[in-house]
Amino acid sequence: MSLELLVASAIAVLVAAGLYLALRGRTFQLVLGLTLVSYAVNLFLFATGRLVVERPPLWAKGVTDHADPLPQALVLTAIVISFAMTALTVILSLRGFLEIGSDQVDGLAEPGEGA
Amino acid sequence: MALLILIGLPFAAVLLLMIARRAGRRVHMLIAGACSAAGLAVLLSQAEPSLSGRTPMIRIPWMPTAGVDISLWLDPLALLFAGLILGIGLLVIVYADGYLGKDEPTARFLSYLMLFQGAMLGIALSGNVVLMLIFWEMTSLASFLLIGFWRTRVEARRGARMALTITGGGGLALVGGLVLLAKVAGSYDLATILSRGGLVQASPLYPVILILILLGAFTKSAQIPFHAWLPRAMAAPTPVSAYLHSATMVKAGVFLLARLWPVLAGTDWWFLTVAPVGLATMIFGAGVALFRHDLKAILAYSTVSQLGLMVMLLGFGTGAAVAAALFHLLNHAAFKAALFMHAGIIEHETGTRDIRRLGRLATIMPLTATLGVLAAAAMAGVPPLGGFISKEMMLEASVRTGSLLVPALATIAATLSAAYALRYAVVLHIGRAPIGRVMGTAPHDPPARLLAPPAILATIALALGLAPMTLAGPLVEAATATATGGARLGLHLALWHGIGPALILSLSAVAAAILLLWRQEALAPLAARLPSFDARRLFDGAMTATVQGARRLSHLIHVASLQRSLAVLFLVALVLGGEAAGRFGFAAGPRATTPASPVAIMVWMLLVVATLAVVAVERHRYLALVFMGVIGLVMALAFLHLSAPDLALTQIAVEVVTILLMLLALHLLPGRPPRLSSLPRRVRDGAIAAAGGIGAGWLAWAVMTRPAREGIARFHWANSHALGGGANVVNVTLVDFRGFDTLGEISVLAIAGLTIFALLEPAAGGIAGRRLREWRSADRFSPDRHPMMFAVATRLLLPLALLVALHLFLRGHDQPGGGFVAALVVSIAILLQYLASGFDWTDARRRIGEHGLIGLGLAIALATGLGALAFGAPFLTSSVGHVHLPLIGAVELTSAMLFDLGVACVVLGSVTMALAQLAHVAQRAARPDGEDPR
């Protein structure tokens, strides 16, 4: 078992679960699905810097062996942005639910049904 | 310079009118009138150089790389047109003063009118086709505003919309045509284009260019089959009809044809498209005008007909025909504007525009009648008026085409024109019909400001016949020379040209017209039975078809089901990914893998189990959230293990905030909803999901087993301390190397926060608010709102959390930490206060709101970046310095830290905005002040 295999399979599981949930008919599952997919995407972005164990990108004189800082910086902003996106989706679905009384996104919901 | 003043005056008037919109009517009239008069004076001062060949011009570079300049010129053609615009404009303003009712918003009316005047002058003076296009569109917009001036009337709105649709559509075609023309000619400069006629006509694109430009010109000048908008534009106030829809704007198409004559004319294509359209329009318009009863409708269709005449003449492609067209342009402007004003006076005085209800006006309104008869006679082409000369020139030109058909048809059109013109003159003023008495007072001649403008115009129409060479000769001759791009013709305008075919045709047309008029009433039922060409139905049909087509298309691609859209999206991604894999291969690379420790394997198993559990319990919402939390924690652990302490910190903080957010949202969502999708559906989705997962995992595997390419990481590593002044390369990257990216990112965050506010703020009212209140009253849980223990603990926690955040923030540049994490920690601490002590308690103790924080953060970040500019360095360049603080020791102070502070403020503001708003929405709905006013 290698770390690479673990990370790759974790990405696979997260994406599969995320896609499945995103295809459900209600907002909450959709949000869960998108969150799982964004975990997987963050992990993937991070993995493009290759996996390095316990050599954080903290500069010190003479050190040359270190993790790639660039994907980390990318993923850091990605984490915060995906939080903002999740929050927006949650609020959007909530407002939609409050307005039409249904949390379905399959186009079949009767207005007022879930109230 | 004079040209800039000339073009600037109308727009200055628009500005002044807007500033002085509360001032009285006199002031408005004075502004518009003074600006028009000043414009006319400037124009006249430039007339002499323009006519003598020293064309005034000015060129200011605008987009030099694209070859687009603000270039203006005043050649004789532009002079003729500009004179028309300003001269009639001034008269129309005077007339409008008498015409508009006491309560009409004169500032609005006149600012539209001046906007139009400026745009028209722009078309006339533009020396660059791009500039001309801009003004061209502006006239369509001004026309739209003016037709729809009486907003409350249905026909006004409908007419305005139709005019905008047709002329705007033509404008689009014109954009295409002129851009192609400029491409072929190799320049946007009009003078250059005009000198390259041979090049353009030899190009295979010439027919396309011609058709597109003609579409623009024909729609503007209301040629068949685009004429329908012009009669409907009569819903506008009459001064507008006189100005835009007879004298000036509709002639923009004619002007364009004359302007581009040297490049486009002279070919078979030109003759066979332009001349027949003009001829057909001329006959059609005249025929319809003869049988209309509304005065303005008669005049509108006669305008259509006369525009057709000018277009036809330009289509003939000879210099003499162009001269006839341009001379008629002047004549028509004079008599048609006079006639519209005349019709306006009659409506004003009698309250009707129906010719069947009007008659014997000569006895009641002698002055009005005189000028009306004069102008109508000019329209009929009766000597000694200017209209007679231009009609004879027209017939002469049609005889010269060599065909028999053209003069025959032209004579028919001239007959019809003379008939409707004489009908207007005779029936209205001498006819026996009873006088329409709709208004209470007896009709009489109007005051001078209504009477003088049409009187002046009628006089001009007469003078153009009596002394054509003195008044218009040099101007028309010079304008013709510029329009044809050739030498001066030696034009001779006169009433008497000797007996020739044209004179015979002209006189027989008038004679036939008298006959026709005599039998007009007998012919009317016959005319009504002719198969009518209903352009209105054509237009409505086209509009309905367009709307339905668009609707069908959007129904096709936009289904109500998000699931279906997402499924399509995922499948497309799978297909594209599979295709790429097929082409490039996904085989694992040669890079050595890292062995995994038993702990790592256990953590991995935890992740897999938690993820599967989320799927399994998806409908048990709280349970699913617990497992989501587990996944987030595993992610943080993974980051920590894989040398990314910053990510681990951020992930944990974000995880907490996300779970809190979802908990708050769940509180308002239905608890455990029934399953929606059927088993086959779930199997299908499972298959898509599995394929996507395997693809993504495989891709990640393929990437990780290949050696990393030497990227820009080395630069970041090497310069982080030396240039950025920090050892934490991730943080330095964020706030320094890639500071611009981060600025963009916090802007997105700020927008998200504000959007959330905008979404939830109004949720307390309306249906949403009612629903919220219902739930709240049904809320059975937790009678004790704010448990003492919880409240005290979180209050104690707050300073500690703030201290931790400060610590994380200050060390961020060298150690894991930084603005993002620090802000998240603070927001969690603040949110706990909201949860434990209630919204009101916390809110009352807050000094700065989320909006302020977001704005402040963005301002700090921007100011830091701009600060660098002040020192001559590029945007967001950082500088480093060391400060010794008592107790804490040496602190590296960099401008990047200030930037990080901005980041922290935005993050804090946005996150607390989202959570506090969500926590608060239900409470607010319950409060009386959250009541829906309905």
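**Notes on the chain A–chain B model**

1. Let's start in chain B: P225(B) sits in the loop between α9 (206-220) and α10 (229-232) of chain B (helices here are DSSP runs of H or I, at least four residues, and strands runs of E, at least two, numbered from the N terminus). The peptide bond joining I224(B) and P225(B) is cis, with omega about 0°. A222(B) lies in the loop between α9 and α10 of chain B too, and has a positive phi, near 55°, in a residue other than glycine. With 0% relative accessibility, A222(B) counts as buried (under 20% relative accessible area; exposed is over 50%, partly exposed in between, with a 1.4 Å probe and protein chains only).

2. Before going on, a word on the ground rules: this is a predicted model, where local features need pLDDT of at least 70 and side-chain atom pairs count only at pLDDT 80 or more, while totals for chains, interfaces and linings use all residues. Residues are numbered from 1 along each chain as its sequence is written, chains are lettered from A and ligands numbered from 1 in the order in which they are written, and side-chain values use heavy atoms, leaving out hydrogens and water.

3. Now the interface. Contact (heavy atoms within 4.5 Å) links 85 residues of chain A with 107 residues of chain B. About 9,100 Å² is buried between chain A and chain B, 77% of it from carbon and sulfur atoms; buried area is the accessible area (1.4 Å probe) that two parts lose on being put together, summed over both. L23(A), R50(A) and W59(A) supply 9% of what chain A buries against chain B, more than any other three residues.

4. R50(A) counts as buried, at 12% relative accessibility.

5. As for the helices, α1 (3-22), α2 (27-47) and α3 (69-100) of chain A each supply at least two residues of the side touching chain B, and α3(A) gives the most, with 24 residues.

6. Finally, the record: UniProt (unreviewed entry) places "transmembrane region" at residues 6-23, 30-53 and 73-94 of chain A, in the numbering used here, with the feature name shortened and annotations that may be inferred rather than shown by experiment. In the model, residues 6-23 of chain A are 94% helix and 0% strand, with end C-alpha atoms 26 Å apart.
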